[in-house]
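Dear colleague,

Please find below the structure that I am handing over to you.

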Amino acid sequence: MQTTDAAQPTQTTQTTGPGHGARTAGTAHAAGAASTAPTAPGAPPVPDFRAVREAEYPGLGPGYLNTAALGLAPARAVTAMRAALDAWAAGRPDIAGYEEAVKASRAAYARITGVPRERVALASTVAGAVGLIAAALPAGAEVVVAEGDFSSLVHPFAARADLALRPVPPAGVAEAVRPGTALVAVSAAQSADGRVADLPAIRAAAAGHGARVLVDGTQAVGWLPLRAGDYDYMITHGYKWLLSPHGACFLTVREGAEATLSPAFAGWYAGEDPWASCYGPIERLAPGARQFDARPAYLSFVGAAASLSLIEELGVEAIHAHDVALAARLREGLAALGLSPVPGASAIVAATGHSPAAEDRLTRAGVRFSSRAGNLRFALHAHNTGQDVDRALDALDGR
Ligand SMILES: Cc1ncc(COP(=O)(O)O)c(C=O)c1O
């Protein structure tokens with residue numbers, strides 16, 4: 001596993017919890033009151049993740065280890081969306097409220113990724129936002145991608161036969177950048193096995209050869225501290241680690257990099273004043289990244305605003321410590337059972353070497369997981385506890 005240029009987490013997660021035998025050791029539960037546990041002077045308080053689960057996921061049973069496929073909506077997002085749905089059906093759709101939610105979501109995503117909000121454009125899918133970037137490349141441009149990276153990040157380049165797409169092994173992306181490389185496009189964490197990209201090396205290699213960098217943060221933002229401003233473009237679909245509905249997707253464009261894209265896909269929402277841009281060609285596009293805004297799926301953003309507020313309250317560094325500690329525990333348990341987990345400090349745990357009965361056992365035990373590229377794939381996030389880990393390990397152990 002490589003390092004990232006993520007800010008290093010400064011917190012350690014408390015390790016108490018109800019007894020589940022030997023496996024409980026190292027369980028990443030914050031101890032203490034609902035909001036905080038004791039921390040070093042000056043350090044931010046450590047959230048009590050168990051209390052968060054009780055408050056935000058009151059109906060959640062053990063075993064949901066599938067955030068890498070779909071993040072779970074916290075109670076606050078469900079409440080906000082229900083109210084919006086009820087008002088809509090009662091003939092009181094609250095357009096101003098939707099707009100507030102869009103504004104709040106953009107601002108929260110900007111804070112989470114450490115950029116000014118002017119750097120954040122609204123997208124609706126990763127594939128669509130990557131398409132915008134692919135469409136702007138000159139014919140013959142070389143694009144380096146990781147072999148096996150997610151199709152939405154790769155295909156928009158592959159679909160242009162006049163580009164030189166160069167898939168390379170994920171561990172060799174930085175080394176593959178060479179004079180003439182126009183763009184490196186890589187997931188911060190791989191969907192198939194959770195491997196974290198060596199983003200500092202990729203950035204350095206790209207800077208050395210004048211290449212641009214596109215990071216797909218979909219499997220990372222929300223648990224891995226990342227600074228979007230370090231990359232020319234970063235795209236994150238929020239329905240996994242940001243616990244948001246599908247359609248809440250964000251594209252950051254580094255200052256000055258607007259000129260590398262084309263506003264050819266702009267609709268009314270990309271206008272400086274969207275409501276004055278509804279007819280005919282848009283007279284004035286919005287400044288900054290907003291000129292690349294896709295029209296937001298309003299109800300998704302109602303949910304996203306609430307979900308992102310939870311991510312911010314907990315803090316990505318605290319989530320990182322919690323998720324990675326649980327993932328390490330799961331990795332250790334899987335190895336003890338004879339499986340081969342992909343090593344590293346990722347919140348996504350992928351493993352091979354399982355028996356043909358493993359998937360069925362997990363499913364019968366109520367564990368939610370994914371099968372990806374031959375791996376069993378588990379994902380550990382803020383609502384998970386050691387109980388979830390134990391549930392999976394017990395199922396695989398045949399208990
Ligand atoms: C790394 C990564 N990028 C993107 C996506 C989703 O792409 P899209 O928004 O085009 O559906 C996924 C979904 O699993 C993913 O894992």
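Predicted model: local features only at pLDDT ≥ 70, side-chain atom pairs only at ≥ 80, totals over all residues.

Residues are numbered from 1 along each chain as its sequence is written.

The protein chain contains eleven helices and eleven strands. Here helices (H or I, at least four residues) and strands (E, at least two) are DSSP runs, numbered from the N terminus. Of the 399 residues in the protein chain, 51% are buried; a residue is buried if 20 or more other C-beta atoms, placed from the backbone, lie within 10 Å of its own.

Two strands pair if DSSP finds at least two bridges between them. Within this sheet, β2 (residues 142-146) and β4 (residues 181-187) are paired in the parallel sense over four bridges, and E142 stands opposite T181 in β4.

The other open sheet has four strands, ordered β8-β9-β11-β10, and its pairing is antiparallel. Here β8 (340-341) and β10 (370-372) are the edge strands. Strand β9 (residues 348-352) pairs with β11 over four bridges in the antiparallel sense, with A350 opposite R377 in β11.

Helix α11 (residues 386-396) is mostly covered, as nine of its eleven residues are buried. Among them are G386, V389, L393 and L396. The buried residues of α11 pack against α9 (316-336), α10 (358-364) and β11 (375-379), where contact requires C-beta atoms, placed from the backbone, within 7 Å. After α11 comes G398, which has a positive phi, near 80°.

Finally, which residues come nearest to the ligand? They are T125, V126, A127, S152 and S191, out of 13 residues around the ligand; a residue belongs to these surroundings if its C-beta atom, placed from the backbone, lies within 6 Å of the molecule. Helices α4 (126-135) and α5 (151-158) each supply at least two residues of this shell. By class, the shell has five nonpolar, seven polar and one charged residues. Ala, Val, Leu, Ile, Met, Phe, Trp, Tyr, Cys and Pro count as nonpolar, Asp, Glu, Lys and Arg as charged, and the others, Gly among them, as polar.

Yours sincerely

Key. Buried ≥ 20, exposed ≤ 12 C-beta atoms within 10 Å, placed from the backbone. Contact = placed C-beta atoms within 7 Å.
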